[in-house]
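This report describes one protein model, beginning with a single residue and its surroundings and then turning to the chain as a whole. Please keep the sequence and the structure in view while reading.

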Amino acid sequence: MVPTKVNERDKILLGIGTGVLLASSLRVFVAGAYSSIEKTFFYGVKFPSGFGILLFIIAAIFVGRMSRKVGAVLMAAYAVASFAADATEYSHLIAALAVPVALALVKELEVKYLTIGFVADLSLRVLAVGGEPIDFPHTRAILTVLILVGAFALWKEPGTLKKPGFGLYALAALIELGLLYPNAIMRYSGITQYYLPHFIGYSLLIGLAIVVGPYLAKKPNIAYILLILGTATLFVKPFSLIGLPVALASAIALVENAKGSRGGVIGAVYFFLVATLALGSYVGRDIGLPFMEDKLETLILAASIIYAFAGYGKNAEVKLPNTKETVGPLVGLVVVSVVVLALFHTAPAYVEAKNEALIWSYNTHQGFGPYKGTFNGYELINLLKEQTPDILAAQEVVGGMIGNGYQDVPLMISAYLGYAYEYKPAVEGTYGIAIFSHWHMRTEGELNLKSVGQARPAQKVSFGELGIVLVNVHMGLNEEERAMQAEELLRFAQSEPVAQIIAGDTNAEPDEKAIEILTRYYRDAFEKRPPYTFNWDNIDIENIDYIFLKKDWTAEVKNYGCLCEVEVSDHRPIWAIIELP
């Protein structure tokens, strides 16, 4: 049995540890399984994605028979694994065990303590500047400590954990669809460009929505309606900028009602299905779920309806937080926000134009390193600090995708390095291509190329100070598809204003039809191709990334190269120094 009296401080510590554990383990479990499946799908390497799912179901079955000390050990194991490495393809196996433990603690905690934990996780996201907290050393250390103190508080309590039912897994599914993450909501709402002050301002709104949730619990019938109406605003963007925080507050308000439902194993299966369908919204045609492509809004609305029904008709008693429990977490979030605003770029750091430009093309691999699913934001930032390209044409850029832990790569690069950026999401507003620069830019056009697989984007940007226009592109995986896309891309590049540069990941080798088409009017900036621009563990080696210059353009290539030893992504950054006419 759980003791009837628990120290108030221990309740707060357990609430913080539970909120951070739940949010973090959900991200790592889904991101690790996705990264693992990707390796299996593309390279036939048997990473343990299926084993992770099996562990998740087993934990859901046995969590109700688990002693609180065992639960504390699993919390501590997740914390230590997170501190040791961000290799999600392996740490997601521990996350698979941690998620049911976190939900078991949610079942016992008063919701006001859970909100403190959720705001703590939000504060970590702000400290990581929109990145994944376990990817950066400082936030990784803080996350570890917060979960460990929760584990310590749990260790001191005798008894067994209570088994969470369907309603709490339905809550987990809804939360994992992005409602806790400011950048995801802004991207869902159609905001393609923003900088650090916008992100922090919206984070404060999300923090406010979290702490308001318990007060709304006194009016459950209103909360049910607001939850569904709030998620429905996804169909009337940008009203979702307000609607989704309202939905988040309503979801938290209904936690106590959701605790009464049974069916924990069914709930675990439901969570797995929702996460799979959410991934299908991005890569549906690649993983056999073509009907899910660009259906994330529908899925979020459906998940909110199911969560509402899971607790409907129950009238649980809710203890409201006191002033300290409401204001304290928000004050902490404000302090963190002020620190971050003081340390990072709040706007683009524009520089004077010059007569030459170092131009990069780089596929950033959805925010993952090539092996073990390690988040690559920290390494990417350090690489760009060291190399300082003038213009970066980037592909596979994520702004808040479920499969990569809701990282925001454009925000991180702009905040750390002072780049301006133009972002062209191809799928669900959170995944596409981007151009970064220290010079002013203007988007002249963008499109999704005709595709037989995942959507493939192109964008055209002009640099008024330099007098050039650049096209950034990410082409498809099928050779016939690429030939079709090359024709369309050529028309796009040569339409007014005509692009002098085409850069990107074409997925096409130099002797392929697509490259033959593009080189009718454009020339490769590389007189001699590098040994490769894509290398996945020497299993798959390809020469598929290019910087093309218009044949009648008088610019001179001063130098060029490939950082072929850099393994931040499965692609390698290629570069060219262009002397402008």
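## The surroundings of Thr533

Leaving aside neighbours within four places in sequence, Thr533 is in contact (heavy atoms within 4.5 Å) with Glu542, Asn543, Ile544, Asp545, His571, Arg572 and Ile574. The side chain of Thr533 reaches the backbone nitrogen of Ile544 at 2.9 Å; a polar contact is a pair of N or O atoms within 3.5 Å, where within protein one must be able to donate a hydrogen and the other to accept it, and residues adjacent in sequence count only if both atoms are side-chain atoms.

Thr533 belongs to the loop between β9 (522–524) and β10 (534–536). With a relative accessible area of 0%, Thr533 is buried. Buried means under 20% relative accessible area, exposed means over 50%, and partly exposed lies in between, using a 1.4 Å probe and protein chains only.

## Basis of the model

The model is predicted: local features need pLDDT of at least 70, side-chain atom pairs count only at pLDDT 80 or more, and totals for chains, interfaces and linings use all residues. Residues are numbered from 1 along each chain as its sequence is written, and side-chain values use heavy atoms, with hydrogens and water left out.

## The whole chain

The protein has 19 helices and 14 strands. These are DSSP runs numbered from the N terminus, with helices (H or I) of at least four residues and strands (E) of at least two. Of the 581 residues, 64% count as buried. Residues 24 or more positions apart supply 79% of the contacts with a separation of 6 or more.

Along the principal axes, the C-alpha atoms fill a box of roughly 80 × 45 × 40 Å.

## Cis peptide bonds

A cis peptide bond, with omega about 5°, joins Lys237 and Pro238. Pro238 is in the loop between α10 (220–232) and α11 (240–253).

The bond from Glu496 to Pro497 is also cis, with omega near -10°. Pro497 lies in the loop between α18 (479–494) and β8 (501–505).

## Positive phi angles

Asp294 is not a glycine, yet has a positive phi of about 60°. This residue is placed in the loop between α13 (264–283) and α14 (296–311), and Asp294 is partly exposed, with a relative accessible area of 39%.

His365, a residue other than glycine, has a positive phi near 55°. His365 is found in the loop between β1 (356–363) and α16 (377–387). Is His365 buried or exposed? At 2% relative accessibility, His365 counts as buried.
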